[in-house]
Amino acid sequence: MSSSTVEPTLPPPDRTTPEPPPREAHLARPHHHHPPAGRRPWSRLACLAGLAGLVDAHALALLRATVGIVFVGFGVLKLFPSASPAEQLAVDAATKMTLGLVPETVLLLSLAALETAIGIGLIVGRRLLRPALVAFFLHMGGVFSTLVLLPDAMWQPHSPAPTMEGQYVVKNVVLVAVCLVVAANEWGRRPRPRRTAG
């Protein structure tokens, strides 16, 4: 009797190995999307819009400070002899207004103190703003009166065109316009309601 051993049959080895991912998948790396060059100006426009919003929020303070700095500068210059180009013009006009009863030195120092005080009041604001605005408009009335008090210095002969000194006076209409805006905002504000106890 012949004996034969039967070897167990094993399933053939699975030769199917997972396929490697495509090469492009290994090489592909996440990259940031850069907007085309044509869209970059939008960021600049956004910056300009932010700057415009900032200026708009502080417009009145900017106007006050600008005019105040100009007045402080002009006032301080009058404290030093011959430092201000408008020194003699201001003294001549003030002399006519006071009928020559006040010495020129006193007039010049008074103008210097007045312009400096107006400038400080405009810069600081708060409780100093309203007195500074009143003083400003009174001062501008005196400044523009020089167009009538000193016609030979303000206007060219046989011509309605202003001289250099006349232009120096006329350009103050810009400062008047600025302070009109500031004054309209200041006096147009509603008073804060008072708190009642209880």
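## Basis

The model is predicted: local features need pLDDT of at least 70, side-chain atom pairs count only at pLDDT 80 or more, and totals for chains, interfaces and linings use all residues. Residues are numbered from 1 along each chain as its sequence is written, and side-chain values use heavy atoms, with hydrogens and water left out.

## Overall fold

The protein has nine helices and zero strands. Helices (H or I, at least four residues) and strands (E, at least two) are DSSP runs, numbered from the N terminus. Along the sequence the pattern reads α-α-α-α-α-α-α-α-α.

Of the 198 residues, 24% are buried. Buried means under 20% relative accessible area, exposed over 50%, and partly exposed in between (1.4 Å probe, protein chains only). Take the contacts with a separation of 6 or more: residues 24 or more positions apart account for 66% of them. Contact means heavy atoms within 4.5 Å.

## Helices H6 and H9

H6 spans residues 129–149 and H9 spans residues 173–188. Their axes come within 11 Å and cross at roughly 150°. Axes are lines fitted to C-alpha atoms, for helices over the stretch in contact, and angles run from 0 to 180 degrees between N-to-C directions. H6 and H9 are therefore roughly antiparallel (over 145 degrees; under 35 is roughly parallel, 65 to 115 roughly perpendicular, the rest oblique).

On the H6 side, the contact includes Leu129, Leu133, Phe136 and Phe137. On the H9 side, Val176, Cys179, Leu180 and Trp187 are among the residues met. By class, this contact has 15 nonpolar, no polar and two charged residues. Nonpolar covers Ala, Val, Leu, Ile, Met, Phe, Trp, Tyr, Cys and Pro; charged covers Asp, Glu, Lys and Arg; the others, Gly among them, are polar.

## Nonpolar core

The largest nonpolar core has 23 residues. Such a core is a set of buried Ala, Val, Leu, Ile, Met, Phe, Trp, Tyr and Cys residues joined through side-chain atoms within 4.5 Å. Helices H3 (59–77), H4 (87–97), H5 (104–124), H6 and H9 each give two or more residues. H6 supplies the largest share, eight residues.

Val67, Phe71, Leu122, Leu133 and Phe136 have the most contacts inside this core. Beyond its neighbours within four places in sequence, Leu122 touches Arg64, Val67, Gly68, Leu129, Ala132, Leu133 and Cys179.

## Thr116

Thr116 lies in helix H5. Thr116 counts as buried because its relative accessibility is 17%. Outside four places in sequence, Thr116 contacts Phe71, Val72, Gly75 and Val76.
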